[in-house]
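Please keep the sequence and the 3D view at hand while reading.

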Amino acid sequence: MLSAIILASGLITSSGVATAQTAGGPSQEVCKNCHTDHVASYLETKHGQKGNVKGPDCQTCHGNGDAHVKAGGGKGVGGIIGFNNKAMPADKKAAICLSCHEGNRHLAFWDSGAHKKNDVACTDCHRLHNKPGPGSTIALRKNDPTVSTYQTTQRQLQYETCTSCHKQIRSQLLKPSQHPIIEGKVACTDCHNPHGALSKQMINAESIPQLCTSCHTEKRGPFVWGHPPVEENCLACHNSHGSNHARLLAEKAPNVCQDCHDASRHPGTIYDASGSWTGTKNTRLLARGCVNCHNQIHGSNAPAMRGKFFLR
């Protein structure tokens with residue numbers, strides 16, 4: 001008797017498939033008939049838990065599924081929105097996410113960011129049907145295995161998502177001198193805002209020196225004698241992601257210094273191998289470097305000429 005009432009009300013078809021619908025479209029129970037794993041994993045996420053309070057979940061992002069259900073399902077059938085559909089423009093996918101998240105302050109400059117301009121969709125980085133890993137509130141997409149020799153944390157590390165596209169950065173993280181990114185001590189978002197910024201490379205500051213000195217405060221100054229490259233751009237001497245040289249230097253000292261200081265005082269030839277071939281003794285040829293004497297290279301408050309030349 002009960003089954004006859006349910007069948008007559010349209011809750012179950014003659015084939016036994018549930019088709020219960022809410023006022024705005026099919027409920028999550030209907031979607032679960034075909035997409036069991038997706039619905040189950042979605043309900044464990046922050047989006048799914050909030051959706052249970054607001055109303056129907058699936059149609060909020062995937063659109064009204066009435067026609068999709070009536071047609072018996074199928075990829076793209078009935079106008080259903082699939083975020084893995086490569087034919088769907090990235091800005092259309094992002095617009096669905098922004099319909100709820102447009103008030104987030106981190107998305108204020110999304111339209112000005114490099115990701116938006118390069119047709120990167122939200123789902124290229126985020127997985128909405130996956131439960132976040134330990135220590136995270138957002139499930140990030142991970143396409144490649146970790147490059148860390150030893151996994152020291154169970155947390156979901158951001159670099160694994162970012163380097164799936166930024167391959168050149170991935171290679172730099174494997175160099176001997178690098179920020180502790182693969183160890184999980186520094187995250188990509190500590191320096192960059194992937195959701196857009198007005199600054200160059202979408203950094204979290206107006207300039208690179210301001211960004212670097214937010215952690216390296218001892219290099220901030222102000223100094224009586226400032227080093228112009230330090231005040232202009234830290235990347236003139238350092239590679240921020242990784243380097244083959246100590247202290248993330250772009251070149252080994254003294255070469256990095258001689259890129260600018262080669263015409264006066266200590267000429268570049270004084271550091272080459274000419275002394276050993278000519279038989280002349282050169283005290284600077286071996287185990288010497290610019291910072292042996294000029295150790296206050298970022299700036300100095302020492303008086304007179306000693307500070308001007310960043311000496312000890």
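The questions below concern a predicted model.

Q: Which six residues make up the largest nonpolar core?
A: In soluble globular proteins, nonpolar side chains tend to be buried together. In this model, the largest such core has six residues. They are Leu-157, Tyr-159, Ile-169, Leu-173, Ile-181 and Ile-182.

Q: Which residues is Leu-173 in contact with, leaving aside its neighbours within four places in sequence?
A: Leu-173 belongs to the largest nonpolar core. Tyr-159, Ile-181 and Ile-182 are members of that core, and Leu-173 is in contact with each of them. Its list of contacts also includes Thr-163, Gln-178 and His-241.

Q: How many residues are in the second, separate core?
A: Among the members of this core are Ala-94, Cys-97, Trp-110 and Cys-122. The core as a whole has five residues.

Q: Is His-227 buried or exposed?
A: His-227 lies in the loop between β4 (225-226) and α12 (228-232). Its relative accessible area is 11%, and the limit for this class is under 20%. His-227 is therefore buried.

Q: Which backbone oxygen lies 2.7 Å from a polar atom of the side chain of His-227?
A: Not counting residues up to four places away in sequence, His-227 touches His-261, Ile-297, His-298 and Phe-310. One of these supplies the backbone oxygen at 2.7 Å from the His-227 side chain. That residue is Ile-297.

Q: How far apart are the closest N and O atoms in the salt bridge of Lys-116 with Asp-111?
A: Side chains of opposite charge can pair when their charged atoms come close. Lys-116 is partly exposed at 27% relative accessibility, while Asp-111 is exposed at 55%. Their closest N and O atoms are apart by 3.2 Å.

Q: How many residues apart in sequence are the parts tied together by Glu-160 and Lys-142?
A: These two residues form a salt bridge, with the closest N and O atoms 3.6 Å apart. Glu-160 is buried at 6% relative accessibility, whereas Lys-142 is partly exposed at 45%. Glu-160 lies in helix α9 (residues 158-162) and Lys-142 in the loop between α8 (114-117) and α9, so the pair ties together parts separated in sequence by 18 residues.

Q: What is the N to O distance in the salt bridge of Glu-218 and Lys-219?
A: The structure holds four salt bridges, and this pair is one of them. Glu-218 is partly exposed at 48% relative accessibility, and Lys-219 is partly exposed at 28%. The N to O distance between their side chains is 2.7 Å.

Notes:
Residues are numbered from 1 along each chain as its sequence is written. This is a predicted model: local features need pLDDT of at least 70, side-chain atom pairs count only at pLDDT 80 or more; totals for chains, interfaces and linings use all residues. Side-chain values use heavy atoms; hydrogens and water are left out. A nonpolar core is a set of buried Ala, Val, Leu, Ile, Met, Phe, Trp, Tyr and Cys residues joined through side-chain atoms within 4.5 Å. Buried means under 20% relative accessible area, exposed over 50%, partly exposed in between (1.4 Å probe, protein chains only). Contact means heavy atoms within 4.5 Å. Helices (H or I, at least four residues) and strands (E, at least two) are DSSP runs, numbered from the N terminus. A polar contact is a pair of N or O atoms within 3.5 Å; within protein, one must be able to donate a hydrogen and the other to accept it, and residues adjacent in sequence count only if both atoms are side-chain atoms.
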